[in-house]
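Hi everyone, thanks for coming. Let me put the model up on the screen, and then we can walk through it together.

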Amino acid sequence: MSNIKYTEDHEWIKVDGDTAWIGITTYARHALGDLVYIELPETGRQIAKGDDFAVVESVKAASEIYTPVTGEIVEVNDNLQDNMDDLKEDIDTGWIVKVKMTDDSEASALMDKAAYDSFVEGLE
Amino acid sequence: MTNAAALNDNMDIDTMEIQDDTRGLHYDENLLYEKERCDRPGVDLPPPEGTPLRTGFEARGDIGLSQVSEPQVVRHFVRLSTKNYSIDSGFFPLGSCTMKHNPRINEKNARIAGFAHIHPMQPESTVQGALAVMHDLQGWLAELTGLPGVCLTPAAGAHGELAGVMTIARAHELQGNTHKKVMLVPDSAHGTNPATAAMCGFDIRVIPTKETGRVTVEAFKEALGDGNDVAGMMVTNPNTCGLFETDIAEIVDLLHDAGGYFYCDGANFNALVGKIRPGDFGVDVMHLNLHKTFSTPHGGGGPGSGPICVAESLRPYIPSPLVLKEGDTYRLERDGERETQCGRLKGFQGQFGMHVRALSYMLSHGADGLKQVSEDAVLNANYIQASLKDDFHAPFEGPMMHEALFTEKYQKEHGVTTLDIAKGLIEYGMHPMTVYFPLVVNGAMLIEPTETEGKDAIDRFIDVMKKLAADARNGDVEKFHNYPQSAPTKRLDEVTAARQPKLRWSEA
């Protein structure tokens with residue numbers, strides 16, 4: 001699991017070669033509460049580190065999801081549209097997009113599991 | 001089905017049970033369309049003779065309207081009205097909304113025939129009194145904000161924001177500042193702020209406030225950078241965490257040095273009215289919600305009204321039409337009279353009925369009365385904040401402005417959330433506070449009592465909150481998850497309602 005990294009905005013990314021799978025963490029999922037809508041991007045869109053590329057709306061609020069890496073969206077998990085409960089910290093079903101990265105140093109600079117867990121602990 | 005059942009389909013003939021949910025004085029009121037369609041129309045006109053029917057059923061066919069009698073119509077709407085909860089029925093501490101009492105003298109004045117029965121296309125010479133009201137209102141708003149340019153037309157707060165940011169965009173456009181593309185917005189802002197800036201073509205750069213609940217000079221400087229691309233900043237002061245932005249003067253100096261304009265969201269003006277003038281802490285443009293600060297009815301009770309006030313430097317760019325006075329005569333600015341304006345936002349002159357009510361409120365309070373409004377609003381909020389601080393977690397240190405802010409932190413340990421507490425308040429006959437906003441606080445409860453609540457009402461609210469906190473500590477979680485039990489519709493399934501909304505009536 002060492003190739004899973006985390007951001008301060010509560011996204012997880014799995015690095016597989018030059019491709020990054022991006023989803024949201026369990027902490028984010030709990031903070032959002034019950035989801036009612038998800039807006040997904042189009043394949044082929046170029047995104048830069050820090051851009052928002054999707055929106056999830058819950059009974060509490062609408063939240064943007066940010067990419068921690070620069071690149072092109074090569075695949076979108078359309079399954080989430082009708083199965084919003086799949087959006088979670090699960091590599092197989094919970095990813096939102098796959099991004100072909102142009103700079104893999106962006107990913108390696110992110111937090112690992114232990115660092116993220118202590119970051120979350122500090123938020124409470 | 002037996003004949004007896006057919007005569008009365010409200011009863012299950014086998015069990016002798018009444019089928020609808022009307023019990024006590026709670027009426028299970030169906031839509032008019034769902035009422036039995038019968039030949040009891042409320043009007044009784046003889047059929048026309050000698051000419052073919054061109055309207056109604058003959059021309060269009062049967063469109064399925066109920067034919068109901070006048071007493072049925074009256075009961076239908078009176079029963080529906082009893083299901084409503086409003087500021088006229090009880091405590092309504094909805095944060096960021098300023099649900100204050102709507103004084104009846106405002107209503108009396110708005111019904112004066114010379115205000116109520118005029119038409120916006122009447123010749124100006126016949127509506128001088130109405131124009132004088134608007135001109136006086138412009139003057140009061142300019143005096144209270146310290147911002148001399150006032151446009152009354154925006155029809156609500158977000159519409160006022162649009163007018164204000166369009167004014168800023170127009171100023172930059174005419175000054176040739178095409179490189180100024182960024183609007184700075186703190187993460188505690190009302191969602192309408194970044195939405196408005198985006199609608200006007202600006203990129204949003206967020207200023208983080210999570211640590212202290214305020215915009216700090218350091219965080220602002222980092223967001224500003226060299227300031228070259230910054231068109232302006234949108235800040236609510238006091239902010240949505242109920243706190244006064246204490247560094248605002250220093251921040252605005254830096255913003256002005258970089259050539260940016262300061263848009264202040266006036267949603268929370270009730271904490272400042274009569275005490276300080278936003279123009280004095282550097283505001284360039286601000287909207288005011290007449291329906292909040294100046295007591296005109298809202299929240300299902302009436303239209304909003306969101307005039308904008310601007311500094312002298314932005315005056316050429318505000319939307320048209322302004323009300324002008326020449327000698328003893330009032331007139332509206334004419335189309336094309338001021339070419340630098342950013343446009344026209346609305347048909348005619350805005351929500352004139354609200355202008356009358358707001359001016360009535362100001363005149364009946366006077367300058368000293370308005371000052372006491374903000375003082376009492378702030379006192380009431382701090383009384384709540386101090387009274388509940390041991391029962392609910394306060395994310396920021398006070399003193400608060402006109403709102404109290406708590407989180408669900410203590411209750412969540414026992415499995416009770418902000419939503420459960422809000423539903424619990426309904427069980428005890430109160431409108432809930434604003435929940436889950438501001439977003440920078442987890443499980444936020446934002447409470448705005450306003451100055452018009454007396455100590456009795458506020459003490460009952462505090463008692464109910466303390467009772468709910470005690471119930472949560474005692475672990476009665478199941479009760480919380482089923483609140484409210486006494487309301488007509490009990491606990492609603494909000495997730496299904498949002499995922500599969502029923503937006504259109506259809507025959508069952």
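How many residues of domain 1 of chain B are in contact with domain 2 of chain B? It is 18 residues of domain 1, and they touch 19 residues of domain 2, with contact meaning C-beta atoms, placed from the backbone, within 7 Å. This is a predicted model, where local features need pLDDT of at least 70 and side-chain atom pairs count only at pLDDT 80 or more, while totals for chains, interfaces and linings use all residues. Residues are numbered from 1 along each chain as its sequence is written, chains are lettered from A and ligands numbered from 1 in the order in which they are written.

Back to those domains: in chain B they span 104-364 and 371-499, with bounds from an automatic or database domain assignment. Their centres, taken over C-alpha atoms, are 30 Å apart.

Now the inside. The largest nonpolar core has 114 residues, and Tyr263(B) and Val285(B) have the most contacts inside it. Here a core is a set of buried Ala, Val, Leu, Ile, Met, Phe, Trp, Tyr and Cys residues joined through C-beta atoms within 7 Å; buried means 20 or more other C-beta atoms within 10 Å of the residue's own, again placed from the backbone. Helix α11 (residues 352-388) of chain B gives the largest share, 13 residues; helices are DSSP runs of H or I, at least four residues, numbered from the N terminus.

Leaving aside neighbours within four places in sequence, Val285(B) has contacts including Gly164(B), Tyr263(B) and Leu314(B). Thanks, happy to chat!

Definitions and conventions. A residue is buried if 20 or more other C-beta atoms lie within 10 Å of its own, exposed if 12 or fewer, and partly exposed in between; C-beta atoms are placed from the backbone. Helices (H or I, at least four residues) and strands (E, at least two) are DSSP runs, numbered from the N terminus. Two residues are in contact if their C-beta atoms, placed from the backbone, lie within 7 Å.
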